[in-house]
Amino acid sequence: MRKNFGAKPLSYPQPVFIIATYGEDGTPDAMNAAWGGISEQNEVSLCLSAGHKTVKNILKRGAFTISMADAAHVVECDYVGIVSGNNTPDKFAKAGFHAVKSDFVDAPLIEELPVAMECRLKDYNPDTCILRGEIVNVSADERVLDENGKVDAAKAAPIIFDPFNNEYLKIGEKVGKAFSDGKQLK
């Protein structure tokens, strides 16, 4: 037997993306967003309403970064999601984040969050709230790399949003090998 929840935005996994920008005066800003993902080879799409300070910054500067929230910074990542940059202009600093200028786009990387996409604005539709960005670079702090230079998910400790329970969950253990395990059924 199944329980019906109706037509709602409930799915697993939902990323916890921390979107960072610079304001007009160069002040870094960040927001938390779960409705987004990869939409093409070098494109990310996000559902962001026009009223967000971060969206206003993206439209003015044409650039943003998306950091993957991690287990070590749940409090800080949640904070930038529950406080608006429209009335708390120093929320980035209050979260304890430190900005590092991206070498690729006019937006800050968040030093504390080790994995990020650096993006240029492609377009934004205020009617649908869909913002699309070109992924110009993906960067990872060396502290989350394995001995082969690949990102180690256990070290990065990314989290996801659980919309059924309004909780953050740490990504768990490896359960299989992509593009490989299914071959046994061929």
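A salt bridge is a side-chain nitrogen of Lys or Arg within 4 Å of a carboxyl oxygen of Asp or Glu. The structure described here is a predicted model, and a search of the whole of it finds nine such salt bridges.

**Salt bridges**

One of the pairs is Glu43 with Lys122, whose closest N and O atoms are 2.7 Å apart. Glu43 belongs to strand β5 (residues 43-47) and Lys122 to strand β9 (residues 115-125), so this contact ties together parts that are 79 residues apart in sequence. Lys122, at 40% relative accessibility, counts as partly exposed.

Strand β9 also holds Arg120, which pairs with Glu134 in strand β10 (residues 130-140), so that parts 14 residues apart in sequence are tied together. In this pair, Arg120 is partly exposed at 37% relative accessibility, and Glu134 is partly exposed at 26%.

A further salt bridge joins Arg132 to Asp123. Arg132 counts as partly exposed, with 25% relative accessibility, and Asp123 is likewise partly exposed, at 30%. Through shared partners, salt bridges join Glu43, Lys122, Asp123 and Arg132 into one network.

| Pair | Closest N and O atoms |
|---|---|
| Glu43 and Lys122 | 2.7 Å |
| Arg120 and Glu134 | 3.3 Å |
| Arg132 and Asp123 | 2.4 Å |

**Annotated span**

The end C-alpha atoms of residues 10-154 lie 26 Å apart. By content, the span is 17% helix and 40% strand.

**Largest pocket**

The largest pocket has a volume of about 450 Å³. It is lined by 29 residues, and of these Met31, Asn32, Ala33, His52 and Gly81 are the closest to its centre. The elements that give two or more residues to the lining are β3 (28-33), α1 (53-61) and α2 (74-82).

Phe5, Tyr12, Phe164 and Leu169 make a nonpolar surface patch of about 360 Å². Tyr12 lies in the segment before β1 (14-15). Its relative accessible area is 47%, so Tyr12 is partly exposed. Membership of a patch requires over 30% relative accessible area and no salt bridge. The peptide bond from Tyr12 to Pro13 is cis, with omega near -15°; Pro13, too, is placed in the segment before β1.

Ala157 is not a glycine, yet it has a positive phi of about 50°. Ala157 sits in the loop between α4 (153-156) and β11 (159-162). With 11% relative accessibility, Ala157 counts as buried.

Phe179 also has a positive phi in a residue other than glycine, with a value near 60°. The segment after β12 (167-170) contains Phe179. At 82% relative accessibility, Phe179 counts as exposed.

Key. Residues numbered from 1 in each chain as written. Predicted model: local features only at pLDDT ≥ 70, side-chain atom pairs only at ≥ 80, totals over all residues. Heavy atoms only, no water. Helix = DSSP H or I, 4+ residues; strand = E, 2+ residues; numbered from the N terminus. Patch = residues over 30% accessible without salt bridge, like charges linked within 9 Å, V, L, I, M, F, W, Y side chains within 5 Å. Areas by Shrake-Rupley, 256 points an atom, 1.4 Å probe, with all protein chains shown as cover. Buried < 20%, exposed > 50% of the residue type's maximum accessible area, 1.4 Å probe, protein only. 1 Å grid on protein atoms, 1.4 Å probe; cavity = no way out; pocket = protein on both sides within 12 Å on 5 of 7 lines; lining within 4 Å. Points joined across faces, edges and corners; volume = space filled by probe spheres on them.
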